[in-house]
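The following note sets out a few points for a colleague who is reading this structure. Please keep the sequence and the model in view while going through them.

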Amino acid sequence: MTGTDSGLGREAAVDLVAFRLNVALLAARAVGGPLVIDMTADAYGHGLVPLARAAAESGADILSVRDQADADAIAEAHIGIDVRCWHTRRFAVPPAGSGIAAFGFGMELTDGAPEGVVPVMRVSAPVLSVKRVPEGHGVSYGFVYRTPRETTLALVPLGYADGLPRAATGSGRMAVGGTQYPIVGRIAMDQVVLDVGDAQVAPGDRAVAFGAGVDGEPTAADWAEATRSTAGEILARIGRRVPRRYIDREVNR
Amino acid sequence: MTVADGAASESVAIIDLSAVARNVSRFVSLADGAQVMVVVKANGYGHGAVEVARAAIEGGAAWLGVADLAEAFELRDARIDAPVLAWLHESHENFTAAIDAGIDIGVSDLAQLDSVARAQQAVGDGPASVHLKLDTGLGRNGADEPNWVHLFAEARRLELAGLLRVRGIFSHLANADDSEDARQLERLHRGIEAARRAGLQPQLRHLASTAATLRLPPMRLDLVRVGIGAYGLSPFDDGGSAELGLQPAMTLRSTVVAVAPSSDADFAAHSGIVPLGYGDGIPPQAAGRIHVTGDAGSLLVTRIESDHLVVEPVSPGVDVVRGDTVTLFGDPEGGFTAVDDWARAADTINYEIVTRLGGRVAREYTS
């Protein structure tokens with residue numbers, strides 16, 4: 001490899017402790033049948049193998065995946081659990097699964113998540129730069145936004161190539177230091193601009209696109225609502241330019 | 001463990017690299033003497049950065065452009081030694097590896113200029129090559145006009161100290177309307193004048209992306225940065241690839257891996273299950289609004305789920321069977337659904353459709 005990473009500090013932190021607790025909670029509630037966890041779409045963007053291992057260790061009975069490649073990846077990691085590929089099974093007998101509750105959300109836009117489960121993924125990046133601009137300053141393509149007054153704009157290196165839906169232009173928000181600010185102007189391929197008003201936001205401060213929602217940040221469900229989508233899609237679309245970082249309080253295996 | 005049959009790669013994005021090369025050479029002739037930089041950020045807009053970069057060079061591109069340094073390093077690791085410009089950095093980025101790899105650095109402020117100078121001292125070679133980025137109205141990165149004089153003076157001081165060379169000055173258009181674009185060009189010219197007064201001699205003044213390269217000749221200056229057009233897609237709402245003399249490079253193809261009884265049994269006997277879903281970047285908002293091409297004819301996409309979508313025939317007497325090939329999009333001149341159609345159906349732009357195509361879909365290259 002040439003040089004250092006410099007992927008601009010983008011990150012999807014995946015809280016395996018939260019995921020284990022979610023699965024254990026669902027396992028305790030599962031009555032009269034096996035607990036099936038939907039691990040399609042690379043475990044909804046969380047990463048198939050680490051999540052499959054955590055699920056197997058936390059009381060899941062069956063993992064539902066797309067294809068043999070997914071099943072092989074789980075087998076090769078020596079994770080002992082029943083894996084079903086839907087090519088042969090899914091449409092014959094739809095599994096009585098848990099939706100994406102294990103990842104902290106209900107399946108549909110209008111569904112709440114089962115009580116007690118918490119979101120697992122937190123997507124963030126550092127503020128790259130801030131600039132003070134006068135009233136009437138255009139922002140991003142087409143100038144669909146102009147600053148209504150003198151304000152501070154903060155540039156964050158997450159865009160639709162990273163999975164933020166461009167459709168959230170005009171409605172998406174991110175949190176810096178526990179306060180949410182609107183994304184203004186069109187969401188671009190690699191970056192967005194936040195209007196932080198007169199707040200003291202500095203380069204290097206972390207901007208959180210979504211997380212568990214407990215530190216003032218939006219959740220994937222908020223993004224889904226803003227884009228007529230589902231939390232599952234918001235999670236699954238986080239791209240490969242955003243490195244996953246796994247958080248686990250247990251000893252590394 | 002239950003073992004399912006079926007190969008892993010029922011889905012493939014076929015990238016026509018000769019189309020990329022032809023699109024690029026079209027921009028080389030359009031640019032009328034200006035150099036062409038092909039932008040391969042975001043994994044070459046989903047097409048594969050390294051492969052597209054090679055095809056672009058073959059088509060006559062003199063430069064490659066990326067957003068961040070990780071993307072620039074990927075090109076160098078593939079032994080692509082063409083000039084590369086990267087323009088999106090953290091405020092106190094360590095540029096040592098970038099200078100070492102001969103990457104041109106887009107600099108937006110004094111802090112970054114200082115980081116470049118310090119990194120160059122660590123590397124100890126010839127001067128680092130920078131392009132100063134000016135914000136002429138977009139409100140993203142780039143230096144604001146009140147800061148230009150300081151930035152130019154400091155850049156000149158570091159040039160005289162032998163630490164860096166200002167090879168370029170550039171900005172990015174908002175494409176709001178022609179008069180706004182013209183104002184941005186005017187501001188850039190003002191910046192270039194100020195830079196010259198400070199003693200800088202930038203050889204490469206650049207502003208135009210695909211849209212301005214096609215429609216606004218005065219914007220072409222010394223170099224044009226071509227992104228979406230190199231992939232054969234139009235940057236405009238009001239016209240497709242062919243009208244611009246471009247050919248879409250990507251065809252997305254998959255297979256019917258299972259069939260289920262149709263939800264509309266009066267009409268179609270079966271629904272086909274295609275293993276591409278929103279987890280692969282297919283926008284669920286397009287469900288019910290987009291047709292794709294099956295072996296026996298046009299199919300309506302009725303549902304898009306996490307890892308699969310469902311198609312149904314739209315003509316009486318047509319059925320889907322397991323093993324059918326389904327082309328989700330391709331060159332509309334070849335009769336396929338266009339990326340532009342998907343963009344309209346999902347209320348977005350063609351850029352997002354191709355860029356979002358996930359890493360789990362195999363890429364296959366033809367030339």
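Predicted model: local features only at pLDDT ≥ 70, side-chain atom pairs only at ≥ 80, totals over all residues.

1. Asp42(A) lies in helix H2 of chain A, which covers residues 40–44.

2. Is Asp42(A) buried or exposed? A residue counts as buried if 20 or more other C-beta atoms lie within 10 Å of its own. Asp42(A) has 27 other C-beta atoms within 10 Å and is therefore buried.

3. Leaving aside residues up to four places away in sequence, Asp42(A) touches Gly47(A) and Leu48(A), as well as Gly279(B) and Arg360(B) of chain B. Between Asp42(A) and Arg66(A) there are 9.2 Å in space, C-alpha to C-alpha, and a separation of 24 residues in sequence.

4. Turning to chain B, its secondary structure consists of eleven helices and 17 strands. The C-alpha trace of chain B spans about 80 × 50 × 35 Å along its principal axes. Of the 367 residues in chain B, 59% are buried. Among contacts in chain B with a separation of 6 or more, 62% join residues 24 or more positions apart.

5. Within chain B, helix H1 (residues 17–30) packs against helix H3 (residues 49–58) at an angle of about 45 degrees, and their axes are 8 Å apart. H1(B) and H3(B) are therefore oblique to each other, and their crossing is right-handed. H1(B) contributes Leu17(B), Val20(B), Ala21(B) and Val24(B) to the contact, while H3(B) contributes Glu51(B), Val52(B), Ala55(B), Ala56(B) and Glu58(B). By class, this contact has seven nonpolar residues, two charged residues and no polar ones.

Methods: Residues numbered from 1 in each chain as written. Chains lettered and ligands numbered in written order. Axes fitted to C-alpha atoms, helices over the stretch in contact; angles between N-to-C directions. Helix = DSSP H or I, 4+ residues; strand = E, 2+ residues; numbered from the N terminus. Parallel < 35°, antiparallel > 145°, perpendicular 65-115°, else oblique. Left-handed = near helix turned anticlockwise from the far one by under 90°. Contact = placed C-beta atoms within 7 Å. Nonpolar A, V, L, I, M, F, W, Y, C, P; charged D, E, K, R; others polar. Buried ≥ 20, exposed ≤ 12 C-beta atoms within 10 Å, placed from the backbone.
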